[in-house]
Amino acid sequence: MHSTTSAGLTTDQIRAAVEGELESTPFIDMHTHLFMPSLGKLGLWGIDELITYHYLEAELFRFSSIKPEQYWTLSKRQQADLIWTTLFLENTPVSEATRGVMAVMNSFGLDTQAKDLSEAREFFNRQKLETHIRRVFELAGISEAVMTNDPLDPAEAPLWEGGASSDTHFHAVLRLDRILNEWEQNWQGLAAKGYRVQQDLGGESLMEVRRFLADWCGRMRPVYMACSLPDTFEYPEDSIRARLLRDAVLPACREFDIPLSLMIGVRRSVNPAIRLAGDAVGKADLRAVERLCVQLPENRFLISVLSRENQHELCVYARKFGNLLPFGCWWFLNNPSMVEEITRERIEMLGYSFIPQHSDARVLEQVIYKWKNTRRTMAPILSRAYELLTEDGRPVTRAEIKRDINQLFRTNFERWVNLRGGHERHGIA
Ligand code: FIX
Ligand code: ZN
């Protein structure tokens with residue numbers, strides 16, 4: 001049915017406008033594991049890293065009889081060769097992660113049916129990192145990527161301490177997993193750097209953690225602080241994590257006027273033998289999010305939940321709390337079927353007051369396929385929202401569609417983290 005008014009678009013025009021604006025809007029990728037060139041040694045890129053992505057390693061162990069212990073003794077190249085043969089030649093690469101590699105190879109004109117990886121290796125060997133990053137961002141349709149920066153990573157911290165130069169295409173994030181989830185193993189790392197902290201958080205510990213966070217905010221200029229959390233996360237509670245959150249992290253976020261991103265619902269290492277591929281998911285009790293939002297109205301929260309079962313209640317909480325911004329379809333949810341369900345639900349409950357997706361790319365070129373997939377999945381979802389609106393008597397214009405897509409994939413984030421400075425109050429309105 002074609003409904004239209006003089007100002008509004010027809011169904012076909014809506015689809016064309018949505019697809020056109022999705023294509024031409026450069027997105028901000030608000031959570032990745034990529035690194036700016038001055039931290040380049042940490043960054044993963046190229047065919048061997050793409051093929052040995054932990055999503056693909058998990059799939060290898062389904063199709064191959066190789067034992068994890070054996071796999072880990074192989075060189076990176078041998079691992080990639082095994083995964084290529086197993087998942088791409090002996091089987092059809094229809095899973096999301098395998099299809100993603102095909103899309104990346106195709107975007108560089110590489111043979112997706114090659115019998116081995118030699119052509120691809122030669123291609124990536126010829127690339128110079130900085131120009132390659134620019135080309136990849138262009139192919140992915142992103143203007144900026146937000147990093148994950150761990151101040152207690154022995155490989156990363158010295159680079160920042162040595163004054164790593166910033167890059168307009170990358171933003172830093174102060175990642176707190178080691179502090180909030182593994183205090184027992186990491187407090188001595190802080191102590192060794194001169195912060196007067198104790199294992200039981202006694203004495204000046206909490207003030208000293210704040211001093212540590214302040215020093216790293218100065219060094220990194222993070223756009224937010226972040227932590228991934230298990231399905232058992234609770235707040236408030238009598239635990240090291242909850243005390244650190246309440247008395248160090250959240251006050252520091254207020255002091256530096258940045259949000260805290262919580263990614264809730266990961267069950268780390270349910271199968272330690274397969275390492276990074278061995279994490280799973282669990283349904284969390286989102287009353288913890290409710291209490292954070294209600295007790296700390298001066299803090300802003302970016303929240304992503306890993307369990308499908310938690311998605312609806314996250315939307316309900318977003319309707320209650322203006323200091324909560326839901327984001328992304330994280331990890332096991334970043335599949336078209338899940339993204340579609342979750343995004344429709346969010347639009348129906350929140351309008352466009354959320355951030356639909358982040359890539360979570362660990363390997364540079366993954367942004368190409370992840371954002372291609374997001375655009376492809378989003379197009380019919382957004383079109384449908386406008387078609388329904390038009391059917392109900394409210395026409396939409398191309399200018400509105402442009403504004404909305406810019407809001408979803410750029411300005412909701414920019415405003416929440418106050419990215420362009422200025423005096424604008426955060427919030428997304
Ligand atoms: O904690 C995180 O930021 C997760 O995204 C990662 O730990 C995870 O391994 C991943 O790569 C998911 O996409
Ligand atoms: Zn991540």
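**Ligands, metal and backbone**

Modeller: Start at ligand 1: one of its oxygen atoms lies 2.7 Å from a polar side-chain atom of Arg 175. That is a polar contact (a pair of N or O atoms within 3.5 Å). Before going on: this is a predicted model, where local features need pLDDT of at least 70, side-chain atom pairs count only at pLDDT 80 or more, and totals for chains, interfaces and linings use all residues. Residues are numbered from 1 along each chain as written, chains are lettered from A and ligands numbered from 1 in the order written, and side-chain values use heavy atoms, without hydrogens and water.

Colleague: How far is the polar side-chain atom of Arg 268 from an oxygen atom of ligand 1?
Modeller: It is 2.9 Å away. For Arg 362, an N or O atom of the side chain is 2.8 Å from an oxygen atom of the ligand.

Colleague: And how much of ligand 1's accessible area does the protein cover?
Modeller: The protein covers 98% of the 330 Å² that ligand 1 has on its own. Those areas come from the Shrake-Rupley method with a 1.4 Å probe.

Colleague: New topic. Which protein donors does the zinc ion have?
Modeller: His 31 (NE2), His 33 (NE2) and Asp 360 (OD), at 2.0 to 2.1 Å from the zinc ion, ligand 2. Donors are N, O and S atoms within 2.8 Å of the metal (3.2 Å for Na, K and Ca); water is not among the atoms, so sites may look incomplete.

Colleague: Where do His 33 and Asp 360 lie?
Modeller: His 33 is in the loop between β1 (27–29) and α2, and Asp 360 is in the loop between α16 (336–350) and α17 (366–391), so the pair ties together parts 327 residues apart in sequence. Helices (H or I, at least four residues) and strands (E, at least two) are DSSP runs, numbered from the N terminus.

Colleague: Are His 33 and Asp 360 buried or exposed?
Modeller: Both are buried. Buried means under 20% relative accessible area, exposed over 50%, partly exposed in between (1.4 Å probe, protein chains only).

Colleague: What about the backbone?
Modeller: Most residues other than glycine have a negative phi, and most peptide bonds are trans. Leu 201 has a positive phi of about 65 degrees. Leu 201 is buried, at 3% relative accessible area. Asp 257 also has a positive phi, near 55 degrees. Asp 257 is partly exposed, at 31%.

Colleague: Which residues does the cis peptide bond join?
Modeller: Tyr 235 and Pro 236, with omega about -5 degrees. Pro 236 sits in the loop between β5 (224–229) and α13 (240–256).

Terms used
A polar contact is a pair of N or O atoms within 3.5 Å; within protein, one must be able to donate a hydrogen and the other to accept it, and residues adjacent in sequence count only if both atoms are side-chain atoms.
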